[in-house]
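Please open the model in your viewer and keep the selection panel at hand. The stops below say what to select next and what is there.

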Amino acid sequence: MDAASRAQQTLQAAGCVKAEAEVLQLLNDLHAEMGNEEDALKMRIELRMHYKAMDWKHEEAEALLNEANYLVE
């Protein structure tokens, strides 16, 4: 988990936006698998905000829908 967090920070600093999004998704999946629902939701929100900052409308909308589904469950 720490390695993935460091990778995300490194990719962010390097401007590798697609790879950073993939690491954020990985962190979300890891938190969800471990039962850390609050941290998983934080990663989902961070991923959506990442998409928004990149102006990736389709991905942002999909991430928002995923957040809503997660909250309903």
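**A tour by selection**

Begin with L26, which counts as partly exposed at 42% relative accessibility (buried means under 20% relative accessible area, exposed over 50%, partly exposed in between, with a 1.4 Å probe and protein chains only). This is a predicted model, in which local features need pLDDT of at least 70 and side-chain atom pairs count only at pLDDT 80 or more, while totals for chains, interfaces and linings use all residues. Residues are numbered from 1 along each chain as its sequence is written, and side-chain values use heavy atoms, with hydrogens and water left out.

L26 is found in helix α2 (residues 17-33), helices being DSSP runs of H or I with at least four residues, numbered from the N terminus. Staying in helix α2, select N28, which is buried with a relative accessible area of 3%. Leaving aside neighbours within four places in sequence, N28 is in contact with A40, M43 and R44 (heavy atoms within 4.5 Å).

Next, select K18 and E22, which form a salt bridge whose closest N and O atoms are 3.5 Å apart (a side-chain nitrogen of Lys or Arg within 4 Å of a carboxyl oxygen of Asp or Glu). Both residues lie in helix α2, four residues apart, about one turn of the helix; K18 is exposed at 57% relative accessibility, whereas E22 is partly exposed at 48%.

Finally, select E67 and R48, a salt bridge with its closest N and O atoms 2.5 Å apart. Since E67 lies in helix α4 (residues 57-72) and R48 in helix α3 (residues 37-53), the pair ties together parts that are 19 residues apart in sequence, and both E67 and R48 are buried.

Definitions and conventions:
Helices (H or I, at least four residues) and strands (E, at least two) are DSSP runs, numbered from the N terminus.
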